[in-house]
Amino acid sequence: HNDRAAGLRKVLYAQLQERLAALPGVTAVGLGKHGAWPETLKAQGSDEPIEVLREGCGVGAGDLFRAMRIPLRAGRYFTPDDVGTGVGSVIINETMARTVWPGGNAVGKRFGGRTTYGDQPYEVVGVVGDLHDSSYDAPVRPTFYRPCYELRLEGMAPFLVVRTAGDPRALIPAIRRELKAAEPAMRAPGIVLCAQALYDST
């Protein structure tokens, strides 16, 4: 059942990404999902528990990090080989790398334990910069990423980041129209201008 639900979400997210990417003036579309509750896991070789957030991101054309210009600090981004429930490759943020493996290279390191998605071992394949999408001042928590359609829908709603060549406000009506066409039952989406939200937060 969970695999089927993940498959349906994958199809919907791909349709949303494709529709929005085709709009004139759109240069990138990324998929994401914020985690609401941290997981308590253990890093290989340590008995100390670590509290980390699991978040979702798009892969390939829907890459959240490249759409938001979040820099890759080490390792690599996800590839199609990293997709699939049970696959253990993860990308982590700088805060997790610095917190769990201070002074060392986090790529290739392992962690895991009992999660809400079952007992799962993970291996770090990439480290990205910390993501700020609503406030520069909000503390960043240690975070690891998996493809977003694998995450269940509890907690925070999935989101799309649309990068545009011009003023993004001009595209808001078209974005709403495409979202409604792809999923007629969707509630009216909240649309936030990231640059404005970050400016307001300061």
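## One face of helix 4

A residue counts as buried when its relative accessible area is under 20%, and as exposed when that area is over 50%. Keep those cut-offs in mind for this predicted model.

Take helix 4, which covers residues 172-182. Its buried residues are Ala174, Ile175, Glu178, Leu179 and Ala182. Looking down the axis of helix 4, you'd find these buried residues within an arc of 135 degrees, so they line one face of the helix.

In soluble globular proteins, nonpolar side chains tend to be buried together. Here, the largest nonpolar core has 16 residues, and Ile92, Met96, Trp101, Phe111 and Phe144 have the most contacts inside it. Strands 2 (39-43), 3 (49-57), 5 (89-93) and 7 (118-128), along with helix 3 (94-100), each give two or more residues to this core.

There's also a second, separate core of 15 residues, with Val29, Tyr149, Leu171 and Ala174 among them.

Back in the largest core, Met96 is one of the residues with the most contacts. Setting aside residues up to four places away in sequence, Met96 touches Ile50, Val52, Trp101, Phe111, Pro142, Thr143 and Phe144.

## Val59 in its loop

Val59 sits in the loop between strand 3 and helix 2 (64-67).

Ignoring neighbours within four places in sequence, Val59 is in contact with Phe78, Thr79, Pro80, Val83 and Pro147. As for Asp82, it is 23 residues from Val59 in sequence, and their C-alpha atoms are 8.9 Å apart in space.

Notes:
Residues numbered from 1 in each chain as written. Predicted model: local features only at pLDDT ≥ 70, side-chain atom pairs only at ≥ 80, totals over all residues. Heavy atoms only, no water. Core = buried A, V, L, I, M, F, W, Y, C linked by side-chain atoms within 4.5 Å. Buried < 20%, exposed > 50% of the residue type's maximum accessible area, 1.4 Å probe, protein only. Helix = DSSP H or I, 4+ residues; strand = E, 2+ residues; numbered from the N terminus. Contact = heavy atoms within 4.5 Å. Arc of directions from axis to C-beta.
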